[in-house]
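Here is a friendly walk through a structure, with the cut-offs spelled out along the way. Have the viewer open and follow along.

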Amino acid sequence: MRPVNAVITKVVEEATNIRTFFFDTSFELIPGQFVMVWIRGVDEVPMALSYDNAITVQKVGPATSALFELNECDSVGIRGPFGKGFDINNGRILLVSGGVGAAPLAPLAEKACAEGAKITTLLGAKTKDELLFRKRFEAVGKVRIATDDGTEGKHGYVTQLLDDEKNYDQIYCCGPEIMMKKVLDKVTPSRAQFSLHRYIKCGLGICGACCVDGLRVCKDGPVFSGDVLKRTEFGVYRRNECGERVKI
Amino acid sequence: MIGMLSLTLNGLKLKNPLILAAGIMGTTGGSLKRAAEGGAGAVVTKSIGIEPKSGHSNPSMVEVDCGYLNAMGLPNPSYKNFQREIDTAKEGGIPVIASIFGGSADEFSEIAGSLRADAFELNVSCPHACGYGAQVGSDPALVEEITRAVKSATSAPVWVKLTPNVTDINSIGLAAESGGADAVVAINTVRAMAIDIESGYPILGNRFGGLSGRAIKPVAIKCVYDLFEALEIPIIGVGGISDWRDAVEFMMAGARAVQIGSAVGDNINIFKDISSCMETFLEEKGWTLDDIYGMAHEV
(Lines give C-alpha, C1' and ligand atoms only; values in the text may rest on other atoms or scores of the structure.)
Protein backbone atom coordinates (compact mmCIF):
# COMPACT_ATOMS: atom_id res chain seq x y z
CA MET A 1 0.00 0.00 0.00
CA ARG A 2 0.97 3.60 -0.57
CA PRO A 3 0.82 5.98 2.40
CA VAL A 4 -2.72 7.09 3.24
CA ASN A 5 -3.17 10.80 3.88
CA ALA A 6 -4.12 11.29 7.54
CA VAL A 7 -5.13 14.75 8.74
CA ILE A 8 -4.45 15.61 12.38
CA THR A 9 -7.75 16.45 14.10
CA LYS A 10 -6.49 16.92 17.67
CA VAL A 11 -3.19 17.03 19.55
CA VAL A 12 -3.17 16.08 23.26
CA GLU A 13 -0.24 16.98 25.48
CA GLU A 14 0.07 13.85 27.64
CA ALA A 15 3.28 14.86 29.44
CA THR A 16 6.46 16.78 28.76
CA ASN A 17 7.60 15.60 25.34
CA ILE A 18 4.77 13.07 24.99
CA ARG A 19 1.84 13.88 22.72
CA THR A 20 -1.08 12.02 21.21
CA PHE A 21 -1.98 12.87 17.62
CA PHE A 22 -5.54 12.02 16.58
CA PHE A 23 -6.28 11.55 12.87
CA ASP A 24 -9.35 11.78 10.67
CA THR A 25 -8.65 8.18 9.66
CA SER A 26 -9.33 5.10 11.79
CA PHE A 27 -7.45 1.85 11.41
CA GLU A 28 -8.74 -1.64 12.01
CA LEU A 29 -6.12 -2.82 14.39
CA ILE A 30 -5.13 -5.61 16.68
CA PRO A 31 -3.54 -3.88 19.71
CA GLY A 32 0.24 -4.09 19.36
CA GLN A 33 0.26 -3.58 15.60
CA PHE A 34 2.10 -0.51 14.34
CA VAL A 35 1.90 2.01 11.51
CA MET A 36 4.65 3.72 9.54
CA VAL A 37 4.19 7.46 9.96
CA TRP A 38 5.64 9.56 7.16
CA ILE A 39 6.48 13.13 8.08
CA ARG A 40 6.81 14.35 4.52
CA GLY A 41 10.21 15.60 3.56
CA VAL A 42 11.75 14.38 6.82
CA ASP A 43 11.48 10.67 7.60
CA GLU A 44 9.11 7.78 8.18
CA VAL A 45 9.03 6.10 11.58
CA PRO A 46 7.18 3.14 13.15
CA MET A 47 4.61 4.02 15.82
CA ALA A 48 2.24 1.91 17.89
CA LEU A 49 -1.41 2.87 17.58
CA SER A 50 -2.66 4.05 20.99
CA TYR A 51 -6.27 4.36 19.77
CA ASP A 52 -7.76 3.15 16.51
CA ASN A 53 -7.21 6.65 15.14
CA ALA A 54 -4.20 7.94 17.07
CA ILE A 55 -0.53 7.54 17.86
CA THR A 56 1.22 8.57 21.04
CA VAL A 57 4.73 9.84 20.52
CA GLN A 58 7.70 10.71 22.67
CA LYS A 59 9.99 13.35 21.22
CA VAL A 60 13.33 11.60 20.90
CA GLY A 61 14.96 12.55 17.59
CA PRO A 62 14.68 14.53 14.35
CA ALA A 63 11.60 12.69 13.02
CA THR A 64 9.57 12.95 16.22
CA SER A 65 10.70 16.58 16.66
CA ALA A 66 9.38 17.33 13.17
CA LEU A 67 6.12 15.59 14.09
CA PHE A 68 5.85 17.81 17.18
CA GLU A 69 5.92 20.86 14.87
CA LEU A 70 2.63 19.69 13.31
CA ASN A 71 -0.76 20.94 14.46
CA GLU A 72 -4.44 20.37 13.78
CA CYS A 73 -5.21 20.32 10.04
CA ASP A 74 -1.63 19.33 9.15
CA SER A 75 -1.27 15.87 7.69
CA VAL A 76 1.07 12.90 7.59
CA GLY A 77 1.21 9.80 5.40
CA ILE A 78 0.42 6.50 7.09
CA ARG A 79 1.09 2.93 5.96
CA GLY A 80 -0.25 -0.01 7.92
CA PRO A 81 -1.27 -1.36 10.35
CA PHE A 82 1.60 -3.81 10.06
CA GLY A 83 2.84 -6.83 11.96
CA LYS A 84 1.49 -9.19 14.54
CA GLY A 85 -0.28 -7.71 17.55
CA PHE A 86 -1.05 -9.12 21.00
CA ASP A 87 -2.78 -12.44 21.31
CA ILE A 88 -5.60 -11.54 23.71
CA ASN A 89 -6.32 -13.81 26.65
CA ASN A 90 -9.65 -13.23 28.42
CA GLY A 91 -8.64 -14.69 31.78
CA ARG A 92 -6.56 -12.96 34.46
CA ILE A 93 -4.00 -10.78 32.78
CA LEU A 94 -1.15 -8.56 33.90
CA LEU A 95 0.11 -5.59 31.93
CA VAL A 96 3.61 -4.32 32.62
CA SER A 97 4.17 -0.88 31.15
CA GLY A 98 7.22 1.35 31.13
CA GLY A 99 7.06 4.94 29.85
CA VAL A 100 5.51 5.25 26.37
CA GLY A 101 5.22 1.45 26.38
CA ALA A 102 1.70 2.25 27.58
CA ALA A 103 0.76 3.30 24.02
CA PRO A 104 -0.01 -0.19 22.67
CA LEU A 105 -1.01 -1.56 26.09
CA ALA A 106 -3.90 0.89 26.68
CA PRO A 107 -5.94 -0.26 23.65
CA LEU A 108 -5.07 -3.84 24.58
CA ALA A 109 -6.45 -3.26 28.09
CA GLU A 110 -9.69 -1.85 26.71
CA LYS A 111 -10.16 -4.66 24.20
CA ALA A 112 -9.31 -7.38 26.74
CA CYS A 113 -11.74 -5.81 29.23
CA ALA A 114 -14.50 -5.87 26.63
CA GLU A 115 -13.76 -9.56 26.15
CA GLY A 116 -14.11 -10.22 29.89
CA ALA A 117 -10.48 -10.29 31.05
CA LYS A 118 -9.59 -9.37 34.65
CA ILE A 119 -6.82 -6.81 34.30
CA THR A 120 -4.05 -5.61 36.57
CA THR A 121 -1.61 -3.00 35.29
CA LEU A 122 1.84 -2.27 36.62
CA LEU A 123 2.43 1.25 35.35
CA GLY A 124 5.91 2.69 35.48
CA ALA A 125 7.41 6.03 34.46
CA LYS A 126 10.31 8.32 35.31
CA THR A 127 8.04 10.65 37.26
CA LYS A 128 4.37 11.10 38.24
CA ASP A 129 3.53 13.43 35.33
CA GLU A 130 4.68 10.85 32.82
CA LEU A 131 2.35 8.06 33.96
CA LEU A 132 0.80 7.67 30.54
CA PHE A 133 -2.87 6.64 30.18
CA ARG A 134 -3.27 6.07 33.93
CA LYS A 135 -7.00 6.82 33.73
CA ARG A 136 -7.52 4.41 30.83
CA PHE A 137 -5.90 1.59 32.79
CA GLU A 138 -7.79 2.50 36.00
CA ALA A 139 -11.07 2.39 34.07
CA VAL A 140 -10.60 -1.28 33.22
CA GLY A 141 -8.90 -2.78 36.27
CA LYS A 142 -6.43 -2.47 39.11
CA VAL A 143 -3.36 -0.26 38.71
CA ARG A 144 -0.11 -0.36 40.69
CA ILE A 145 2.39 2.42 40.12
CA ALA A 146 6.14 2.85 40.27
CA THR A 147 8.15 5.99 39.48
CA ASP A 148 11.90 6.27 39.19
CA ASP A 149 11.90 9.43 41.32
CA GLY A 150 9.32 8.28 43.86
CA THR A 151 6.82 11.07 43.08
CA GLU A 152 4.04 8.45 42.95
CA GLY A 153 3.68 4.83 44.01
CA LYS A 154 6.74 2.71 44.58
CA HIS A 155 10.05 4.53 44.42
CA GLY A 156 11.91 2.45 41.83
CA TYR A 157 11.38 0.43 38.71
CA VAL A 158 8.09 -1.10 37.64
CA THR A 159 9.77 -4.51 37.50
CA GLN A 160 10.07 -4.36 41.30
CA LEU A 161 6.26 -4.57 41.49
CA LEU A 162 6.31 -7.90 39.70
CA ASP A 163 5.88 -10.33 42.59
CA ASP A 164 2.90 -12.57 41.86
CA GLU A 165 3.23 -13.47 38.21
CA LYS A 166 2.00 -17.03 38.88
CA ASN A 167 -1.49 -15.61 39.54
CA TYR A 168 -1.92 -14.55 35.94
CA ASP A 169 -2.83 -16.46 32.80
CA GLN A 170 -0.94 -14.09 30.56
CA ILE A 171 1.47 -11.18 30.94
CA TYR A 172 1.77 -8.34 28.42
CA CYS A 173 4.80 -6.11 28.44
CA CYS A 174 5.98 -3.01 26.61
CA GLY A 175 8.66 -0.52 27.58
CA PRO A 176 12.39 0.03 27.40
CA GLU A 177 14.17 -3.16 26.32
CA ILE A 178 16.22 -3.40 29.50
CA MET A 179 12.99 -3.42 31.52
CA MET A 180 11.36 -6.00 29.23
CA LYS A 181 14.41 -8.24 29.55
CA LYS A 182 14.06 -8.06 33.34
CA VAL A 183 10.43 -9.08 33.02
CA LEU A 184 11.32 -11.92 30.65
CA ASP A 185 13.88 -13.21 33.14
CA LYS A 186 11.32 -13.15 35.99
CA VAL A 187 8.28 -14.79 34.39
CA THR A 188 7.35 -18.05 32.66
CA PRO A 189 8.38 -17.09 29.10
CA SER A 190 5.59 -18.96 27.33
CA ARG A 191 2.95 -17.03 29.30
CA ALA A 192 4.31 -13.57 28.45
CA GLN A 193 4.15 -11.40 25.34
CA PHE A 194 6.49 -8.54 24.57
CA SER A 195 6.16 -5.68 22.09
CA LEU A 196 9.58 -4.87 20.64
CA HIS A 197 11.04 -1.71 19.26
CA ARG A 198 13.65 -1.81 16.50
CA TYR A 199 14.90 0.45 13.73
CA ILE A 200 12.49 -0.39 10.91
CA LYS A 201 13.13 0.43 7.27
CA CYS A 202 10.75 -1.35 4.89
CA GLY A 203 7.98 -2.43 7.31
CA LEU A 204 7.17 -5.22 4.86
CA GLY A 205 9.32 -8.11 6.10
CA ILE A 206 11.68 -7.82 3.16
CA CYS A 207 14.82 -5.86 3.98
CA GLY A 208 15.76 -7.50 7.28
CA ALA A 209 16.97 -4.27 8.94
CA CYS A 210 14.81 -4.88 12.04
CA CYS A 211 15.79 -8.51 12.57
CA VAL A 212 16.39 -9.85 16.07
CA ASP A 213 18.50 -12.77 14.92
CA GLY A 214 16.15 -14.34 12.35
CA LEU A 215 12.94 -12.72 13.64
CA ARG A 216 11.56 -9.78 11.68
CA VAL A 217 10.16 -7.26 14.17
CA CYS A 218 8.06 -5.61 11.43
CA LYS A 219 6.46 -8.82 10.15
CA ASP A 220 6.85 -11.69 12.66
CA GLY A 221 6.41 -9.14 15.48
CA PRO A 222 6.46 -6.54 16.89
CA VAL A 223 4.76 -8.73 19.54
CA PHE A 224 6.59 -11.95 20.39
CA SER A 225 6.00 -14.65 22.95
CA GLY A 226 8.69 -14.79 25.63
CA ASP A 227 9.75 -18.32 24.77
CA VAL A 228 10.60 -17.20 21.21
CA LEU A 229 12.72 -14.33 22.56
CA LYS A 230 14.54 -16.43 25.16
CA ARG A 231 16.89 -17.88 22.57
CA THR A 232 17.72 -14.61 20.78
CA GLU A 233 19.79 -11.43 21.03
CA PHE A 234 16.76 -9.67 22.63
CA GLY A 235 17.92 -7.70 25.66
CA VAL A 236 21.57 -8.20 24.70
CA TYR A 237 22.01 -6.00 21.65
CA ARG A 238 20.13 -4.28 18.87
CA ARG A 239 21.20 -3.09 15.41
CA ASN A 240 21.61 0.55 14.46
CA GLU A 241 20.71 2.04 11.05
CA CYS A 242 23.90 0.56 9.57
CA GLY A 243 23.20 -2.90 10.94
CA GLU A 244 26.00 -2.66 13.52
CA ARG A 245 25.46 -4.36 16.85
CA VAL A 246 24.81 -1.97 19.73
CA LYS A 247 24.70 -3.21 23.32
CA ILE A 248 21.38 -2.75 25.11
CA MET B 1 13.35 -38.25 -6.93
CA ILE B 2 15.66 -36.81 -4.27
CA GLY B 3 18.21 -34.32 -5.49
CA MET B 4 16.68 -33.71 -8.90
CA LEU B 5 17.07 -29.97 -8.30
CA SER B 6 20.68 -30.14 -7.11
CA LEU B 7 23.42 -28.59 -9.16
CA THR B 8 27.02 -27.44 -9.04
CA LEU B 9 27.53 -23.79 -9.89
CA ASN B 10 31.09 -22.44 -10.05
CA GLY B 11 32.09 -25.36 -7.86
CA LEU B 12 29.43 -24.54 -5.25
CA LYS B 13 27.12 -27.40 -4.43
CA LEU B 14 23.51 -26.22 -4.30
CA LYS B 15 20.66 -28.49 -3.21
CA ASN B 16 18.39 -26.42 -5.45
CA PRO B 17 18.83 -23.47 -7.82
CA LEU B 18 16.89 -21.04 -5.59
CA ILE B 19 19.04 -18.38 -3.98
CA LEU B 20 18.09 -15.60 -1.55
CA ALA B 21 18.75 -12.31 -3.40
CA ALA B 22 20.99 -9.55 -2.07
CA GLY B 23 19.40 -6.98 0.21
CA ILE B 24 16.71 -9.33 1.49
CA MET B 25 16.93 -10.50 5.12
CA GLY B 26 20.68 -10.18 4.66
CA THR B 27 21.98 -7.98 7.47
CA THR B 28 22.13 -10.50 10.30
CA GLY B 29 23.60 -13.99 10.29
CA GLY B 30 20.42 -15.14 12.01
CA SER B 31 18.16 -13.90 9.22
CA LEU B 32 20.32 -15.54 6.53
CA LYS B 33 20.14 -18.77 8.51
CA ARG B 34 16.38 -18.45 8.57
CA ALA B 35 16.33 -18.29 4.75
CA ALA B 36 18.42 -21.47 4.76
CA GLU B 37 15.80 -23.07 7.02
CA GLY B 38 13.20 -21.83 4.54
CA GLY B 39 14.77 -24.06 1.92
CA ALA B 40 17.14 -21.74 0.01
CA GLY B 41 19.91 -23.40 -2.01
CA ALA B 42 22.26 -20.51 -1.15
CA VAL B 43 22.00 -17.03 0.30
CA VAL B 44 23.43 -13.66 -0.71
CA THR B 45 24.13 -11.11 2.02
CA LYS B 46 23.19 -7.45 2.12
CA SER B 47 25.69 -5.42 0.06
CA ILE B 48 28.69 -4.66 2.23
CA GLY B 49 30.99 -1.67 1.78
CA ILE B 50 34.14 -0.14 3.23
CA GLU B 51 32.61 1.99 5.98
CA PRO B 52 29.39 1.71 8.02
CA LYS B 53 26.56 3.45 6.16
CA SER B 54 23.08 4.26 7.43
CA GLY B 55 21.39 4.55 4.04
CA HIS B 56 18.73 6.93 2.79
CA SER B 57 16.05 8.35 5.07
CA ASN B 58 12.67 6.62 5.10
CA PRO B 59 10.38 5.84 3.39
CA SER B 60 12.92 3.49 1.87
CA MET B 61 10.50 0.90 0.54
CA VAL B 62 6.87 1.11 -0.48
CA GLU B 63 4.48 -1.26 -2.17
CA VAL B 64 3.11 0.04 -5.48
CA ASP B 65 0.39 -1.59 -7.56
CA CYS B 66 2.77 -3.72 -9.61
CA GLY B 67 5.62 -4.44 -7.21
CA TYR B 68 7.84 -2.67 -4.71
CA LEU B 69 9.81 0.52 -4.94
CA ASN B 70 12.92 0.84 -2.83
CA ALA B 71 15.86 3.11 -2.15
CA MET B 72 17.58 1.70 0.90
CA GLY B 73 20.83 3.51 0.16
CA LEU B 74 23.23 0.62 0.84
CA PRO B 75 22.95 0.61 4.65
CA ASN B 76 25.58 -1.78 5.99
CA PRO B 77 27.88 -2.24 8.97
CA SER B 78 31.07 -2.36 6.79
CA TYR B 79 33.08 -5.47 6.07
CA LYS B 80 35.04 -4.91 9.27
CA ASN B 81 31.93 -5.82 11.27
CA PHE B 82 30.49 -8.45 8.99
CA GLN B 83 32.58 -11.63 9.10
CA ARG B 84 30.78 -12.93 12.17
CA GLU B 85 27.42 -12.51 10.46
CA ILE B 86 28.69 -14.60 7.53
CA ASP B 87 30.05 -17.19 9.96
CA THR B 88 26.65 -17.39 11.69
CA ALA B 89 24.93 -17.67 8.31
CA LYS B 90 27.23 -20.57 7.42
CA GLU B 91 25.62 -22.54 10.26
CA GLY B 92 22.64 -22.80 7.89
CA GLY B 93 24.64 -25.40 5.96
CA ILE B 94 24.41 -23.78 2.52
CA PRO B 95 26.76 -21.55 0.51
CA VAL B 96 26.89 -17.91 1.65
CA ILE B 97 27.68 -15.36 -1.03
CA ALA B 98 28.84 -11.93 0.08
CA SER B 99 27.41 -9.05 -1.92
CA ILE B 100 29.91 -6.20 -1.91
CA PHE B 101 30.00 -2.65 -3.26
CA GLY B 102 32.62 0.03 -3.67
CA GLY B 103 33.40 3.20 -5.56
CA SER B 104 36.55 1.86 -7.17
CA ALA B 105 38.41 -1.35 -8.02
CA ASP B 106 40.60 -0.81 -4.96
CA GLU B 107 37.61 -0.64 -2.62
CA PHE B 108 36.07 -3.77 -4.11
CA SER B 109 39.35 -5.70 -3.76
CA GLU B 110 39.95 -4.48 -0.22
CA ILE B 111 36.60 -5.97 0.83
CA ALA B 112 36.88 -9.20 -1.17
CA GLY B 113 40.40 -9.69 0.10
CA SER B 114 39.28 -9.34 3.72
CA LEU B 115 36.03 -11.33 3.92
CA ARG B 116 35.72 -15.11 3.85
CA ALA B 117 32.68 -16.17 1.83
CA ASP B 118 31.80 -18.98 -0.59
CA ALA B 119 31.55 -16.47 -3.44
CA PHE B 120 31.33 -12.74 -4.01
CA GLU B 121 28.60 -10.89 -5.83
CA LEU B 122 29.70 -7.47 -7.06
CA ASN B 123 26.98 -4.88 -6.74
CA VAL B 124 27.61 -2.66 -9.74
CA SER B 125 23.93 -2.16 -10.27
CA CYS B 126 22.17 -0.46 -7.35
CA PRO B 127 20.19 2.27 -9.17
CA HIS B 128 20.15 4.96 -6.49
CA ALA B 129 23.55 5.25 -4.80
CA CYS B 130 25.66 8.19 -5.81
CA GLY B 131 29.16 7.09 -6.85
CA TYR B 132 28.32 3.42 -6.40
CA GLY B 133 26.25 0.69 -7.98
CA ALA B 134 24.88 1.46 -11.42
CA GLN B 135 27.00 4.60 -11.71
CA VAL B 136 29.94 2.20 -11.78
CA GLY B 137 28.15 -0.63 -13.56
CA SER B 138 27.02 1.32 -16.61
CA ASP B 139 30.62 1.66 -17.78
CA PRO B 140 31.94 -1.56 -19.38
CA ALA B 141 35.60 -0.58 -18.89
CA LEU B 142 35.07 0.01 -15.13
CA VAL B 143 33.13 -3.23 -14.74
CA GLU B 144 35.94 -5.17 -16.40
CA GLU B 145 38.58 -3.46 -14.27
CA ILE B 146 36.70 -4.06 -11.02
CA THR B 147 35.98 -7.69 -11.86
CA ARG B 148 39.62 -8.34 -12.72
CA ALA B 149 40.78 -6.66 -9.51
CA VAL B 150 38.41 -8.71 -7.35
CA LYS B 151 39.39 -11.92 -9.14
CA SER B 152 43.00 -11.30 -8.21
CA ALA B 153 42.06 -10.45 -4.60
CA THR B 154 40.17 -13.67 -3.89
CA SER B 155 40.15 -17.28 -4.96
CA ALA B 156 36.38 -17.53 -4.41
CA PRO B 157 34.03 -17.38 -7.43
CA VAL B 158 33.01 -13.87 -8.46
CA TRP B 159 29.55 -13.00 -9.72
CA VAL B 160 28.72 -9.63 -11.23
CA LYS B 161 25.20 -8.30 -10.72
CA LEU B 162 24.03 -6.26 -13.68
CA THR B 163 21.78 -3.26 -13.97
CA PRO B 164 18.99 -3.28 -16.55
CA ASN B 165 19.18 0.52 -16.71
CA VAL B 166 21.55 0.55 -19.67
CA THR B 167 21.07 0.58 -23.42
CA ASP B 168 22.85 -2.72 -23.96
CA ILE B 169 23.13 -5.12 -21.02
CA ASN B 170 25.17 -7.56 -23.11
CA SER B 171 28.08 -5.13 -23.36
CA ILE B 172 28.26 -4.96 -19.55
CA GLY B 173 27.90 -8.74 -19.26
CA LEU B 174 30.70 -9.24 -21.77
CA ALA B 175 32.90 -6.79 -19.85
CA ALA B 176 32.36 -8.81 -16.68
CA GLU B 177 33.20 -12.00 -18.55
CA SER B 178 36.39 -10.45 -19.99
CA GLY B 179 37.35 -9.39 -16.48
CA GLY B 180 37.16 -13.02 -15.39
CA ALA B 181 33.70 -13.18 -13.77
CA ASP B 182 32.51 -16.70 -12.99
CA ALA B 183 28.84 -15.77 -13.49
CA VAL B 184 26.59 -12.77 -13.98
CA VAL B 185 23.42 -12.05 -12.03
CA ALA B 186 20.62 -10.30 -13.92
CA ILE B 187 18.87 -8.05 -13.07
CA ASN B 188 18.98 -5.45 -10.30
CA THR B 189 15.96 -3.17 -9.88
CA VAL B 190 14.60 -0.91 -12.61
CA ARG B 191 14.82 2.84 -11.97
CA ALA B 192 11.44 4.06 -10.85
CA MET B 193 9.57 6.63 -8.80
CA ALA B 194 6.25 7.26 -7.08
CA ILE B 195 4.70 10.56 -6.05
CA ASP B 196 2.18 11.15 -3.27
CA ILE B 197 -0.68 12.99 -4.96
CA GLU B 198 -1.98 14.43 -1.66
CA SER B 199 1.17 16.51 -1.27
CA GLY B 200 3.29 16.28 -4.40
CA TYR B 201 6.17 14.75 -2.44
CA PRO B 202 8.08 11.88 -4.03
CA ILE B 203 7.33 9.01 -1.62
CA LEU B 204 10.83 7.61 -1.24
CA GLY B 205 13.20 9.52 1.03
CA ASN B 206 15.69 9.42 -1.83
CA ARG B 207 12.94 10.72 -4.18
CA PHE B 208 13.49 7.86 -6.66
CA GLY B 209 14.61 4.27 -6.41
CA GLY B 210 14.35 0.87 -8.02
CA LEU B 211 11.33 -1.25 -8.89
CA SER B 212 11.24 -4.94 -7.96
CA GLY B 213 8.52 -7.56 -7.93
CA ARG B 214 6.11 -8.86 -10.54
CA ALA B 215 6.29 -5.87 -12.87
CA ILE B 216 9.94 -6.40 -13.75
CA LYS B 217 9.86 -10.13 -14.50
CA PRO B 218 9.37 -9.81 -18.28
CA VAL B 219 12.19 -7.24 -18.38
CA ALA B 220 14.47 -9.63 -16.50
CA ILE B 221 13.52 -12.60 -18.67
CA LYS B 222 14.53 -10.70 -21.80
CA CYS B 223 17.85 -9.65 -20.22
CA VAL B 224 18.64 -13.24 -19.23
CA TYR B 225 17.64 -14.44 -22.70
CA ASP B 226 19.95 -11.93 -24.39
CA LEU B 227 22.87 -12.58 -22.04
CA PHE B 228 22.55 -16.32 -22.65
CA GLU B 229 23.11 -15.70 -26.36
CA ALA B 230 26.15 -13.51 -25.73
CA LEU B 231 28.03 -15.04 -22.80
CA GLU B 232 29.89 -18.27 -22.08
CA ILE B 233 29.65 -17.98 -18.27
CA PRO B 234 26.49 -18.97 -16.34
CA ILE B 235 23.71 -16.49 -15.76
CA ILE B 236 21.77 -16.28 -12.50
CA GLY B 237 18.30 -14.85 -13.09
CA VAL B 238 16.55 -12.50 -10.70
CA GLY B 239 13.61 -10.12 -10.90
CA GLY B 240 10.01 -10.67 -9.89
CA ILE B 241 10.03 -14.38 -9.11
CA SER B 242 7.08 -15.17 -6.88
CA ASP B 243 6.23 -18.77 -7.73
CA TRP B 244 7.68 -21.93 -9.30
CA ARG B 245 6.45 -21.04 -12.79
CA ASP B 246 8.51 -17.87 -12.70
CA ALA B 247 11.60 -19.86 -11.70
CA VAL B 248 11.08 -22.34 -14.53
CA GLU B 249 10.59 -19.50 -17.00
CA PHE B 250 13.91 -17.91 -15.99
CA MET B 251 15.71 -21.21 -16.46
CA MET B 252 14.15 -21.67 -19.89
CA ALA B 253 15.44 -18.18 -20.75
CA GLY B 254 18.93 -19.36 -19.83
CA ALA B 255 19.39 -18.97 -16.08
CA ARG B 256 21.42 -21.72 -14.37
CA ALA B 257 20.00 -20.64 -11.04
CA VAL B 258 17.64 -17.93 -9.84
CA GLN B 259 17.42 -15.51 -6.95
CA ILE B 260 14.30 -14.59 -5.05
CA GLY B 261 13.88 -11.24 -3.33
CA SER B 262 10.69 -9.27 -2.72
CA ALA B 263 8.48 -12.38 -2.56
CA VAL B 264 10.30 -13.51 0.60
CA GLY B 265 8.46 -10.78 2.54
CA ASP B 266 5.16 -12.61 2.37
CA ASN B 267 6.58 -16.13 2.51
CA ILE B 268 9.96 -16.83 3.96
CA ASN B 269 9.55 -20.54 3.15
CA ILE B 270 9.05 -19.76 -0.54
CA PHE B 271 12.22 -21.70 -1.41
CA LYS B 272 10.72 -24.94 -0.06
CA ASP B 273 7.41 -24.28 -1.79
CA ILE B 274 9.00 -23.55 -5.16
CA SER B 275 11.35 -26.56 -4.87
CA SER B 276 8.58 -29.04 -4.29
CA CYS B 277 6.39 -27.62 -7.08
CA MET B 278 9.33 -27.56 -9.49
CA GLU B 279 10.13 -31.18 -8.72
CA THR B 280 6.53 -32.18 -9.37
CA PHE B 281 6.51 -30.22 -12.62
CA LEU B 282 9.76 -31.75 -13.87
CA GLU B 283 8.58 -35.24 -12.93
CA GLU B 284 5.29 -34.77 -14.77
CA LYS B 285 7.11 -33.49 -17.83
CA GLY B 286 9.85 -36.10 -17.61
CA TRP B 287 12.42 -33.30 -17.73
CA THR B 288 15.59 -32.56 -15.80
CA LEU B 289 17.05 -29.17 -14.84
CA ASP B 290 19.45 -29.56 -17.76
CA ASP B 291 16.53 -30.07 -20.13
CA ILE B 292 14.84 -26.80 -19.24
CA TYR B 293 18.10 -24.83 -19.07
CA GLY B 294 18.01 -22.47 -22.06
CA MET B 295 15.11 -24.38 -23.58
CA ALA B 296 13.63 -21.23 -25.14
CA HIS B 297 16.73 -20.90 -27.30
CA GLU B 298 16.36 -24.37 -28.80
CA VAL B 299 12.73 -24.41 -29.83
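## A glycine to start with

Helices here are DSSP runs of H or I with at least four residues and strands are runs of E with at least two, each numbered from the N terminus.

Before going further, some ground rules. This is a predicted model, in which local features need pLDDT of at least 70 and side-chain atom pairs count only at pLDDT 80 or more, while totals for chains, interfaces and linings use all residues. Residues are numbered from 1 along each chain as its sequence is written, and chains are lettered from A and ligands numbered from 1 in the order in which they are written.

Helix H8 (residues 244-253) of chain B has eight of its ten residues buried. A residue is buried if 20 or more other C-beta atoms, placed from the backbone, lie within 10 Å of its own, exposed if 12 or fewer, and partly exposed in between. Among the buried residues of H8(B) are Asp246(B), Glu249(B) and Phe250(B).

H1(B) is mostly covered too, with eight of its nine residues buried; Lys33(B) and Arg34(B) are among them. Those buried residues pack against strand E13 (211-212) of chain A, and also against strand E3 (18-20), E4, helix H2 (83-90) and E7 of chain B. After H1(B) comes Gly39(B), with a positive phi near 105°.

## The barrel of chain B

In chain B, eight strands form a closed barrel with parallel pairing, in the order E3-E4-E7-E8-E9-E10-E13-E14. On average, the twist from one strand to the next is 25°. Two strands pair if DSSP finds at least two bridges between them.

Helix H6 (residues 169-178) of chain B touches strand E9 (158-162) and strand E10 (183-186) of chain B, and its direction makes about 165° with that of E9(B). Helix H7 (residues 217-230) of chain B lies across E10, strand E13 (235-238) and strand E14 (255-260) of chain B, at about 170° to E13(B). Axes are lines fitted to C-alpha atoms, for helices over the stretch in contact, and angles run from 0 to 180 degrees between N-to-C directions.

## Where the chains meet

38 residues of chain B are in contact with 27 residues of chain A, contact meaning that C-beta atoms placed from the backbone lie within 7 Å. Helix H1 (29-37) and strand E5 (61-64) of chain B are the elements that give two or more residues to the chain B side. That side divides into 14 nonpolar, 17 polar and seven charged residues. Ala, Val, Leu, Ile, Met, Phe, Trp, Tyr, Cys and Pro count as nonpolar, Asp, Glu, Lys and Arg as charged, and the others, Gly among them, as polar.

## Chain A

Chain A has five helices and 17 strands, and buried residues make up 51% of its 248 residues. Its domain assignment, automatic or from a database, gives domain 1 (4-82) and domain 2 (92-247). Between these domains of chain A, 17 residues of domain 1 are in contact with 16 residues of domain 2. E4(A) gives the largest share of the domain 1 side, five residues.

Conventions: Two residues are in contact if their C-beta atoms, placed from the backbone, lie within 7 Å.
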